[in-house]
Amino acid sequence: MSVQARQRRVTVPEIASAKGQAPLACLTAYTAPMAKLLDSHVELLLVGDSLGMVVYGLDSTVGVTLDMMIAHGAAVVRATRHACIVVDLPFGSYEESIEQATHNAVRILKETGCAAVKLEGGMEMADTIRHLTSRGIPVMGHVGLMPQRANAVGGFKVQGRGDSGGAAVVRDARAVAEAGAFSVVIEAVPEPVGREATAAVAVPTIGIGASPGCDGQILVTEDMLGLFPDFTPKFVKRFASLGGEVESAAAAYATAVRDRSFPAAENLFGAKSG
Ligand code: KIV
C-alpha cells in the first residue's frame with residue numbers, strides 16, 4: 001500500500017490484509033494539528049490512552065475517561081483524510097461486561113467517526129472481541145505489556161519473559177486474532193516472542209518494543225519527536241529532538257518581548273511606520 005499514491009482513507013480491511021506485506025507505519029495522535037502533520041505519512045493513527053500521560057500529565061493511563069478519548073478522537077478524525085483512525089477504549093470502559101464494551105465502543109465510533117476501537121487483553125477478552133466484531137465494530141487487540149494493568153503487574157514492565165511468559169503472550173495474541181481482531185498490538189516483549197506471535201496469527205501484528213519481524217510498528221509520536229521528557233522507553237528511537245527546539249523558541253520569544261523587539265510596530269494595525 002503506497003502512502004503517496006492514494007488519497008482516500010485506509011480502511012480496516014486494508015490493514016487486515018497487510019499481513020506479510022510491506023510493514024505498516026503507525027503512530028499515535030491526540031490533537032488536530034499533530035494528526036494533520038502525520039496523516040499522509042502513515043497507514044494508521046492511534047488515538048491512544050497514552051494521552052493521559054503525554055497530554056494530561058497523569059502517572060498512568062488508569063485515570064483516562066471515555067469523554068477524553070471521544071474529544072481527542074473526534075479532533076484527530078476531523079483533521080485527517082488518509083490514515084485509518086483507531087481510538088482506545090480506556091480503562092474501566094469495557095471490562096465489566098460485553099454490554100458495557102458494546103455501549104462504549106458504539107459511542108466512540110458514532111461520536112468520533114473513527115474506524116475502529118482498541119482494547120487491552122488476551123484470552124479473557126476474546127468473548128468481548130468476538131461479540132463486538134460480529135456486530136460490525138472493528139477491534140484492534142493489545143497484548144504483552146498492557147499499560148492499563150500497570151497496577152496489577154507492578155509497573156510498566158517487559159512481559160513474556162521465560163518459556164511460560166512467552167507462551168502466554170503468543171496464546172493471547174492468537175486468542176484475540178481468532179476472536180476477530182483485525183490486528184494486534186504487541187507491546188514490550190522479548191524479540192523472539194514478538195516474532196513467534198507474529199507467525200502464530202493471521203492478522204497483522206503491530207509492534208512497540210516487540211520485534212522488527214512484526215507486520216507493522218507503532219510509537220508514541222511525542223517519544224519519537226523528543227517532546228515527552230518525563231520518560232522514554234529503551235526501545236524508542238528518537239527521529240527528532242523537538243523538545244530542545246521548543247525551549248529555544250520560548251527563550252527567544254521571551255527575550256524579544258523583554259527587549260521590546262516583539263511585536264514589530266510595522267506589523268501592527270494602525271501603527272505609524274516611520
Ligand atoms: O495508548 C497508546 O498510545 C498505545 C500505544 C503505545 C500502542 O496503546
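Which elements make a right-handed β-α-β unit? In this predicted model, the unit consists of β1, helix α2 (residues 32-38) and β2.

## Strand pairing around β2

Strand β1 (residues 24-28) runs parallel to β2, and three bridges pair them. Within this pairing, Cys26 faces Leu44 of β2 as its opposite residue.

Strand β2 is also joined to strand β3 (residues 84-88), again in the parallel sense, through four bridges.

## Faces of β2

In a regular strand, side chains alternate between the two faces of the sheet. Strand β2 spans residues 44-47 and is covered on both faces. Leu44 and Leu46 are buried on one side, while Leu45 and Val47 are buried on the other.

## Leu119

Leu119 sits in the loop that links β4 (116-118) to α6 (126-134). Its relative accessible area is 0%, so Leu119 is buried.

Leaving aside residues up to four places away in sequence, Leu119 touches Leu89, Tyr94, Met125, Thr128, Ile129, Leu132, Val139, Met140, Gly141 and His142. Between Leu119 and Val106, the separation is 13 residues in sequence and 13 Å in space, C-alpha to C-alpha.

Val55 belongs to the loop between α3 (51-54) and α4 (66-79). Val55 counts as partly exposed because its relative accessibility is 38%, which falls between the cut-offs of 20% for buried and 50% for exposed.

Together with Tyr56 and Leu58, Val55 makes a nonpolar surface patch of about 240 Å².

Technical notes. Residues numbered from 1 in each chain as written. Predicted model: local features only at pLDDT ≥ 70, side-chain atom pairs only at ≥ 80, totals over all residues. Heavy atoms only, no water. Patch = residues over 30% accessible without salt bridge, like charges linked within 9 Å, V, L, I, M, F, W, Y side chains within 5 Å. Areas by Shrake-Rupley, 256 points an atom, 1.4 Å probe, with all protein chains shown as cover. Salt bridge = Lys/Arg side-chain N within 4 Å of Asp/Glu carboxyl O. Helix = DSSP H or I, 4+ residues; strand = E, 2+ residues; numbered from the N terminus. Buried < 20%, exposed > 50% of the residue type's maximum accessible area, 1.4 Å probe, protein only. Contact = heavy atoms within 4.5 Å. Pairing = 2+ DSSP bridges. Right-handed = clockwise from strand over helix to strand, strands pointing away.
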